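Morning, everyone. Please bring the model up on your screens, and we will walk through it together.

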Amino acid sequence: MALDRWIALIVLLICVAYGYAAFFSMDDLLPPIMRRSPIWPSSFPKVLSVGAIVFALIILFGLEKSPQKDKAADINLSRLSEYKVGQAAILIGLMIAYALLLRPIGFLASTFLFLTLGSFTLGERRYVIMAIVAIIATAGIWLLVDNVLGIFLRPFPLFMSGG
Amino acid sequence: MLEGLLLGLSTAFTFQNILMVIGGCLIGTFIGMLPGLGPMSIIAIMIPIAITIGDPATALILLAGVYYGAVFGGSTSSILINAPGVASTVATSFDGYPLTRQGKAGKALTVAAIASFSGGTIGAILLLIFAPMLASVALLFHSSEYFALMVVGLSAIAAFAGTGQVAKALLMTFLGLIMATVGEGVLFNAARFTLGIPDLQSGFGFITLAMAMFALPEAIYLILDPNRSKTADGGDNSEIKELRISRDEAKSIAPVIARQSVQGFLIGVLPGAGATIASFLGYAVERNIAPKDEQDQFGKGSVKGVAAPESANNAACTGSFVPLLTLGIPGSGTTAILLGALIALNVSPGPRLMVDEPQIFWAVIISMYLGNLVLLMLNLPLIPYIAKVLAAPRNFLIPFILFFTLMGAYIGQNNATELLLLVGFGICATIFRFADYPLAPLLIGFILGPLLENNFARAMQLYDGMGFIWERPMTLGLLVLAVVLVVLPSYRSRRARARAEGVADGD
């Protein structure tokens, strides 16, 4: 089964769960006075779940023929192993680490680490340039966001700012 | 109209606003040249900045400048290194890059600059003439027509997705609408579909979703395929000679620019079509109507092949402001993001905009002329220097793109959970892209979702049921149109296929 039909299957399952909530469990909490209204919080979701399930089924059963097209410029999934999947996975991991560490270790340290480790993952080995670029970017963005735009970003680790 | 123009002139020609246009164009051009950051992502990045400005007219002028700059910057990288950073400039690279390899990069860039300028300017004139007309029609619209109109817009987006893609585009639209129902709605003060997670109480952040749908998948593609951002054969594109175009060339591209500016504008006005389709259609039309000997030149370095998509996509950018400003319907993913920004700034685009806040409406139109002028002045002399930014090594470029998507999501919400959502949705979006699912419908559905539901609910309450569908002829007409838009392309492709098969059998 092609990838697009697998996706359709997963989306279908999500929509069925969504539709179940809309049709059967959501209205239990509705106060009696709201039941007199022609529209309930679940009305629109009901329509959406039906529509989404119909189109997911159309894709799942291949009712709409998709044309064969040559996309030389795009990623060819059958040759996925020839691409830098490892690098992509590490960088995604770095992004997750950044999200988790941003608050605890502060903006400056986490951004510096993200930019240097990101370049390192992609094969950069000129450590001095890496460090200079990361320091300038980190400090510049922090100044822009915190001072110019006035959006608070905790610069230092938690223990340095007294929690 | 004249007093409106004057009002717009007086609003736009303040020192601050002119600075905003210039700044916006500069930012847009520079970031737009980097592959992976299209106008949509750049505007999403700029929204927090625009919101802190506070004044909606100024903020919108800034964002419009960024928009034009980004579309323009995308064509620069298309021409110089065959790396269209923006979908709407893919058609530009068909002929622009061959010209670069022939050492005529300067000529290609000049043609692109002039074509963009003309397209944008003609588009702005058409906007000036047609927008008030569309707006007066729009005043006849009630909530049930709004609901129907949004259904038309969403189905038009799906219908333009191309043959064999309609079901996928519609599924993505529904997914976007479903995601929009998460969290507390406006009409019902109860949280829906939050799965008991407090962070979902206010729904998904739209900047998060915009980043996850567009910037992240492109960045992941860049990581996966190192050749994606490189020059094809390492040719030295830093030498740019032959900037001028000859008199004959000017004569041959003038009608192309005129035709494509009008056509591009009209396509841009249609919800869902947008600059990408305008550029491809413009290229295709000009190729088909060119004389036989010039037809062979297309794809091998024809100046007409650069002029057509460039004038069309800039005119379409302007055109997409018509439904946005007069009806509140975004014609493309980018204007959908602009709509989100407007709502955040407490401006509700729609037929009342011209009446309630004319200074915003006219200032934007005037700033379009200004933006185009600034872009022309920027592009012509600065091109050789601007191109140097592209030499930023991939090893540094990609971490920065990723970092900017993270910052875009974090600044908007100030919530680290949003970053995890961003990464999660980004991975999902990349997988969707692997399987050829269009991502723009999801985002447009997500942004239109609350508006669609609120108008639907209001109409239901007014008519105490579904009666509004047959009691209001315009609603019914629009809904029928929506169905036709969805059904017609697949019906026609089915008939064409049946005919083709019939011919094959006959042979």
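Start with helix H1 of chain A. Its buried residues pack against helix H2 (43–60) of chain A, and also against helix H8 (166–180) and helix H19 (416–434) of chain B. Contact here means C-beta atoms, placed from the backbone, within 7 Å. Buried means 20 or more other C-beta atoms within 10 Å of a residue's own; exposed means 12 or fewer; partly exposed is in between; these C-beta atoms are also placed from the backbone. Helices (H or I, at least four residues) and strands (E, at least two) are DSSP runs, numbered from the N terminus.

Now the housekeeping. This is a predicted model: local features need pLDDT of at least 70, side-chain atom pairs count only at pLDDT 80 or more, and totals for chains, interfaces and linings use all residues. Residues are numbered from 1 along each chain as its sequence is written, while chains are lettered from A and ligands numbered from 1 in the order in which they are written.

Back to H1(A). Which residues of H1(A) are buried? They are A:Asp4, A:Ile7, A:Ala8, A:Val11, A:Cys15, A:Tyr18 and A:Ala22. The helix covers residues 3–25 of chain A, 23 residues in total. Its end C-alpha atoms are 32 Å apart, which agrees with the 33 Å it should span at 1.5 Å a residue. That expected span is 1.5 Å times one less than the number of residues.

Next, chain A as a whole. It has five helices and zero strands. Along the sequence the pattern reads α-α-α-α-α. Of its 163 residues, 24% are buried. It is divided into domain 1 (3–65) and domain 2 (95–161), with bounds from an automatic or database domain assignment. The centres of those two domains of chain A, taken over C-alpha atoms, are separated by 42 Å.

Chain B now. It has 22 helices and two strands. Buried residues are 61% of its 507. Take contacts between residues at least 6 apart in sequence. In chain B, 78% of them join residues at least 24 apart. In chain A, the corresponding figure is 60%.

How do the chains meet? 52 residues of chain A are in contact with 56 residues of chain B. On the chain A side, H1, H2, helix H3 (85–105), helix H4 (107–121) and helix H5 (127–148) each supply at least two residues. H3(A) gives the largest share of that side, eleven residues. By class, that side has 37 nonpolar, nine polar and six charged residues. The classes: Ala, Val, Leu, Ile, Met, Phe, Trp, Tyr, Cys and Pro are nonpolar; Asp, Glu, Lys and Arg are charged; the others, Gly among them, are polar.

On to the core. A nonpolar core is a set of buried Ala, Val, Leu, Ile, Met, Phe, Trp, Tyr and Cys residues joined through C-beta atoms within 7 Å. The largest one has 197 residues. Those with the most contacts inside it are B:Ile43, B:Leu63, B:Leu171, B:Ala210, B:Val364 and B:Leu443. This core also draws at least three residues from each of domain 1 and domain 2 of chain A. Leave aside neighbours within four places in sequence, and B:Ile43 is in contact with B:Leu63, B:Val66, B:Tyr67, B:Thr334, B:Ile337 and B:Leu338.

Now H4(A). It has 15 residues and reaches 21 Å from first C-alpha to last, close to the 21 Å expected at 1.5 Å a residue. Its buried residues are A:Phe107, A:Ser110, A:Thr111, A:Phe114, A:Leu115, A:Gly118, A:Ser119 and A:Thr121. Why do they sit on the same side of H4(A)? Because they cover an arc of only 160° around the axis. The arc uses directions from the helix axis to the C-beta atoms. Just after H4(A), A:Gly123 takes a positive phi of about 105°.

Most residues other than glycine have a negative phi. B:Asp436 has a positive phi of about 65°. It lies in the loop between H19 and helix H20 (440–463) of chain B. With 18 C-beta neighbours inside 10 Å, B:Asp436 counts as partly exposed. B:Asp464 has a positive phi too, near 50°. Its loop runs between H20 and helix H21 (468–471) of chain B. Is B:Asp464 buried or exposed? Exposed, with 11 other C-beta atoms within 10 Å of B:Asp464.

Note on methods
Two residues are in contact if their C-beta atoms, placed from the backbone, lie within 7 Å.
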